[in-house]
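Here is a friendly briefing to read with the structure open beside you.

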Amino acid sequence: MKKNDKHLVQGSLMVAAGLLLVFIIGIFSDTLFWDRYLNAYTFDTFVENPFPAVERLYPQEPVPGVDDPKTFPYAEAGNRTISTDALDEAAAFAQESDSTSLIISHKGVIQLEKYWKGEGADQVVYSFSMHKSIVALLLGIAVMEGHIGDIDDSIARYLPEWRGDPRERITLRHTLQMNSGLEPMSFPVNPFSRHVRRQIGTNLAATALGFRLQDEPGSVFSYNGVNPTLLVMVIERATGRRYADYLSEKLWRPAGNGEAAVWLDHPGGLARGATSLYAKPMDWLRIGQLLLDKGRANGAQVIPEAWLKELTTPSPTNPRYGLLTWIGTDYVEARTLEAFEGFAAVAEQPFDAGDIIYFDGLGGQRVYVIPSAQLVIVRTGVLAWEWNETRLPNLVLAGIKETP
């Protein structure tokens, strides 16, 4: 090899080595991501730490609430409208299933409120996927206000990055019904996977927009956290508001809730609409009561009643699912989601009320709303690998006393 050729090869190798070094530095300089990957990416992390910790799950953006959160009357022992035996059984089941909180309200009156794991009413709790249903409620408000035209609009109307792309066939309804056709969600170990980046990455918008189309939109139910992520982006772009601010003004404060928080991908970044709305159990009860009251609070229509009907209409690809919200139709003994291997919701028997609506968070985080019984139940707790879906609401329903 000639001397000049050797110099060229050496020079090329040096350039390649330099580029590789820059690439490696660029990847590992994302310290926020690696901190999350090493400290907050296993289910064991949440089992060992049953309450959200700002020092692990940061940054967070406040969702301002009201100074004096709405209160509920409490039923005294002799005036409860649910039997003591039923309430005792419900509390025992909650304690046995490693719960951190249980609140039961009937006709707007608290029948039972209990906390475990050494914490109380002022402790915020994990919501996991219960946040998805909040995204659906907020999107309905944005439709009511005219920021969003129609949920049968192409999502590309609000996310122009997908115009002229096959993904423009996806509608807002498809994302709300979890049948967008985007590649299924998974939880691989590989830190460079877009699935890991969707869960804990620091550029959530770019990651969500990078999901590929796998099935024809509207054809297959596939529970996927990228759908509510995209809808948070739609809400922000359509309203011109930060998600946390819009949530606070249009839903959280009108419901009478105290301050909450959302987990962001990075400082000033995007809220994780698939999970991580940190609030107190009583805040979740107020949202349940808002649904029970047909979207009205303090004399105002906070959520359009027509939207609540949409929310609870069975989707064509899953009769147990409405718009980012579960409904108690079409009984199955076990409900599993392909993305959450090992977790299941099992049912000894069907729900004893056919009109049940529920927010479903991983491992048994629940808000059950039963309009026909004027009942709201909030349960939070350590992740349950197998959550008995119908046990708690059926216990309480069986204990409701007949009134003249």
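Let's begin at a helix and what surrounds it. In this predicted model, the buried residues of α13 pack against α4 (84-96), β2, β12 (365-370) and β13 (375-381).

**Helix α13**
- Helix α13 spans residues 391-398, and six of its eight residues are buried, so the rest of the structure largely encloses it.
- Those buried residues are L392, P393, N394, L395, V396 and L397.

**Helix α10**
- Helix α10 (residues 243-252) is likewise largely enclosed by the rest of the structure, because eight of its 10 residues are buried.
- The buried set in α10 is made up of Y243, A244, Y246, L247, S248, K250, L251 and W252.
- Their cover includes the helices α5, α9 (226-239) and α11 (281-292), along with the strands β1 (60-63), β4 (260-263) and β5 (277-278).

- Nonpolar side chains tend to be buried together in soluble globular proteins.
- Here the largest nonpolar core holds 102 residues, and I134 and L251 have the most contacts inside it.
- Helix α5 (residues 130-144) gives the most to this core, with nine residues.
- Setting aside neighbours within four places in sequence, I134 touches Y243, L247, L251, W252, L277, W284, I287 and F359.
- Another core, of 16 residues, lies apart from the largest one; F33, W34, W263 and Y278 are among its members.

**Hairpin of β2 and β3**
- Strands β2 (residues 99-106) and β3 (residues 109-115) pair in the antiparallel sense, over six bridges.
- H106 has V109 in β3 as its bridge partner.
- Two residues sit between the strands of this hairpin, where K107 takes a positive phi near 55 degrees.

**Second largest pocket**
- The second largest pocket has a volume of about 250 Å³.
- It is lined by 14 residues, of which P69, A121, K280, M282 and R286 are the closest to its centre.
- Helix α11 supplies the largest share of the lining of this pocket, three residues.

**Confidence in the model**
- The chain has a mean pLDDT of 91, and 91% of its residues reach 70 or more.
- Residues 14-26 have a pLDDT below 50, and this stretch makes zero contacts in the model beyond near neighbours in sequence.

Key:
Residues are numbered from 1 along each chain as its sequence is written. This is a predicted model: local features need pLDDT of at least 70, side-chain atom pairs count only at pLDDT 80 or more; totals for chains, interfaces and linings use all residues. Side-chain values use heavy atoms; hydrogens and water are left out. Two strands pair if DSSP finds at least two bridges between them. Helices (H or I, at least four residues) and strands (E, at least two) are DSSP runs, numbered from the N terminus. A nonpolar core is a set of buried Ala, Val, Leu, Ile, Met, Phe, Trp, Tyr and Cys residues joined through side-chain atoms within 4.5 Å. Buried means under 20% relative accessible area, exposed over 50%, partly exposed in between (1.4 Å probe, protein chains only). Contact means heavy atoms within 4.5 Å. pLDDT is the predictor's confidence in each residue, from 0 to 100. On a 1 Å grid over the protein atoms alone, a cavity is a set of points where a 1.4 Å probe fits but cannot get out, and a pocket is an open set with protein on both sides within 12 Å along at least five of seven lines; lining residues have an atom within 4 Å of a point. Grid points are joined across faces, edges and corners, and a volume is the space filled by probe spheres set on the points.
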